[in-house]
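Here are some notes to read alongside the structure, written for a colleague who is meeting it for the first time. Take the points in any order you like.

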Amino acid sequence: MVSRQRLNHLTILLLLVVHLHSLSGDEDVCVSQAETCGDVVEQLSPGPAPSEGEGPGREDSEHGYLLFCLCMGRFGNKIEHLLGAIAFSAAINRTLVIPPFPEDHNIPFTDYFKLDPILTYHRAITMETFMSEVAPLKWPPEERRGYCWSRTESCDMKPGNPHRSFWDEFDIYFIGTQSYTLPYTPGPDSGRWGRTFPPDKHPVLALKGSPSPYPMRNTDYHLQRLLHWSDDIQERADDFIKSNFNGKEFIGIHLRNGNDWSRACRNAAGQQNYMASPQCLGKPSTGTVTMEMCLPNITEISRVLRKTVRTSGIRDVFIATDHDAMIRELGSKLSTLNIRLVSGVSSVQLDLAVLGQSRYFIGNCVSSVSSFVTRERMLTNKPTTFWGLN
C-alpha cells in the first residue's frame with residue numbers, strides 16, 4: 001500500500017477519472033452498437049436531476065418504453081451497460097424496462113438489486129412486470145418489432161445466445177426489424193429519438209443491445225448510487241463478514257488470473273486506455289497499462305499487500321478472485337506479518353458486496369469488477385489503490 005498522502009492523492013485522482021469499469025470471464029474491450037471506446041473525454045459531474053414531470057416514477061406509457069438485451073460481456077460489463085442505459089432512457093424520456101441478467105437463464109434484476117432507488121432518478125419497470133402487465137396491452141405479439149443500430153438493412157435481433165435465449169424466455173418473437181443510425185450520446189441530439197420514433201407510433205423500442213458504451217461514460221458514474229444490493233445479497237454478505245471477521249476491519253483485494261483474463265492481458269501492456277484502466281490512469285491517460293496492472297505476479301501482489309498491512313495495521317485480508325486466491329503463496333511470502341487470509345465466496349455479487357465494505361481495497365486497474373467496487377467506494381470516501389502502481 002502506498003502512503004496516506006498517496007492514498008489521498010489517489011482519492012482525488014479517482015474523482016476525476018473517466019469510464020470507470022468479472023470475477024470470471026472476458027471483459028469486452030468495447031461494446032456499444034455504434035460507439036467506440038475512448039472517444040469521449042468528459043469531466044466527472046454529479047449528473048442531472050430528472051426534470052419535473054419527467055423523472056421518478058414506476059412507468060408512464062404516454063412516453064413509451066425502452067427495453068434491450070443486456071447481453072454483452074460478464075457481470076461487470078453488464079453493470080456499466082445498465083447504468084449507461086438508465087442515463088440514456090432519461091435523456092430520451094422513455095420508461096426503462098430493466099432487463100434481467102442472462103446467465104444460465106435470465107436472472108431478474110431484483111434478485112441482485114433493489115428497484116426503488118432507480119425510481120428516484122427515472123421511470124423504470126422490470127422486464128418481468130412489463131411482460132406480464134404492460135406488454136399484453138401496449139406490445140401485443142403481432143406488434144413486436146426489433147430495432148438495431150445498423151448502416152445497412154440487416155438487423156438480426158437473435159444472433160445466437162445469449163440474445164436468442166434472452167428473448168425466447170419471455171416468448172418474444174419479432175415480426176420484423178428496423179435499423180437506425182441515431183446517436184446514443186445524451187445531449188442535444190437526444191430529441192432526434194422522439195422525432196424519429198414518436199411514442200404514439202413506436203410505443204416500445206426493443207433494442208438489440210445496450211444503448212451505451214463500455215467503458216461507461218464518466219458522466220454516468222454517479223448513477224452507481226442507484227445500485228443497492230437486494231436484501232438477500234446484503235444479508236448474506238453481512239453474515240459472511242460477521243462470521244469471518246467478527247466486527248474487525250479487513251483489507252479486500254481482487255485477483256484476476258483466470259486463463260481468459262491472462263489472454264486478455266497479452267494485449268494490455270503499453271496501451272493508454274484498455275478496458276477499465278481509466279479508473280487508475282485517468283482520462284486522458286497519465287500513463288500506460290503495464291502487465292503488473294493487468295496480471296500482477298506474486299511479487300507485485302505481495303509488495304502492495306505488505307505495504308497495506310503495515311500502513312493500516314489490519315491483519316485480516318479478504319481475497320476475491322475469478323480463479324486462484326493464491327493463499328498458499330501469499331501466506332508464505334508474508335509469513336512474518338501474521339496475517340489471516342480468507343478466500344471469497346462462489347458468487348461475484350457476494351464478493352462485490354463484501355469488497356465494498358472493506359476498510360482498504362486493492363483492485364485490478366483493468367477489470368470492470370474492480371471498477372464496480374471503486375465507484376461504490378468513491379461514493380463513501382473509502383480508500384482504493386491498485387496493483388502495479390508505484
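1. Let us start with Met275, which is buried, as its relative accessible area is 3% (buried means under 20% relative accessible area, exposed over 50% and partly exposed in between, with a 1.4 Å probe and protein chains only). Met275 sits in the loop between helix H9 (259-265) and helix H10 (278-281). Its phi is near 50°, a positive value in a residue other than glycine. Helices here are DSSP runs of H or I with at least four residues, strands are E runs of at least two, and both are numbered from the N terminus.

2. A word on what you are looking at: this is a predicted model, in which local features need pLDDT of at least 70 and side-chain atom pairs count only at pLDDT 80 or more, while totals for chains, interfaces and linings use all residues. Residues are numbered from 1 along each chain as its sequence is written, and side-chain values use heavy atoms, leaving out hydrogens and water.

3. Asn246 also has a positive phi, about 50°, although it is not a glycine. You will find Asn246 in the loop between H8 and strand E9 (251-255). Is Asn246 buried or exposed? Asn246 counts as exposed, because its relative accessibility is 63%.

4. Helix H2 deserves a careful look. H2 (residues 75-91) packs against helix H15 (residues 368-379) at an angle of about 55°, and their axes are 7 Å apart. That makes H2 oblique to H15. For the terms: axes are lines fitted to C-alpha atoms, for helices over the stretch in contact, and angles run from 0 to 180 degrees between N-to-C directions. Angles under 35 degrees count as roughly parallel, over 145 as roughly antiparallel, 65 to 115 as roughly perpendicular and the rest as oblique.

5. Which residues make the contact between H2 and H15? From H2 come Gly76, Asn77, Ile79, Glu80 and Leu83, and from H15 come Ser368, Val369, Ser371, Phe372 and Arg375 (contact means heavy atoms within 4.5 Å). The residues of this contact divide into four nonpolar, four polar and two charged. In that division, Ala, Val, Leu, Ile, Met, Phe, Trp, Tyr, Cys and Pro count as nonpolar, Asp, Glu, Lys and Arg as charged, and the others, Gly among them, as polar.

6. Two further points concern H2 itself. Of its 17 residues, 15 are buried, leaving H2 mostly covered. The end C-alpha atoms of H2 are 24 Å apart, which agrees with the 24 Å that its 17 residues should span at 1.5 Å a residue; the expected span is 1.5 Å times one less than the number of residues. H2 is followed by Asn93, whose phi is positive, near 60°.

7. The largest nonpolar core has 57 residues, of which Phe101, Phe113, Tyr180 and Trp193 touch the most other members. H2 gives the most to this core, with eight residues. Such a core is a set of buried Ala, Val, Leu, Ile, Met, Phe, Trp, Tyr and Cys residues joined through side-chain atoms within 4.5 Å.

8. Gln224 lies in the loop between E8 and H8, and counts as buried because its relative accessibility is 3%. What does Gln224 touch, leaving aside residues up to four places away in sequence? Its partners are Leu83, Phe372, Arg375, Glu376 and Leu379. Gln224 and Phe372 are 148 residues apart in sequence, yet 8.1 Å apart in space, C-alpha to C-alpha.

9. Do look at the two cis peptide bonds described here. One joins Asn161 and Pro162, with omega about 10°, and Pro162 is in the loop between strand E6 (145-149) and H6. Another joins Tyr214 and Pro215, with omega about 0°; Pro215 is in the loop between strand E8 (204-207) and helix H8 (231-245).

10. Ile175 is in the loop between helix H6 (163-168) and strand E7 (176-180). Not counting residues up to four places away in sequence, Ile175 touches Pro141, Glu142, Glu143, Arg144 and Arg145.

11. Finally, helix H14 (residues 348-355) is mostly covered, with eight of its eight residues buried.
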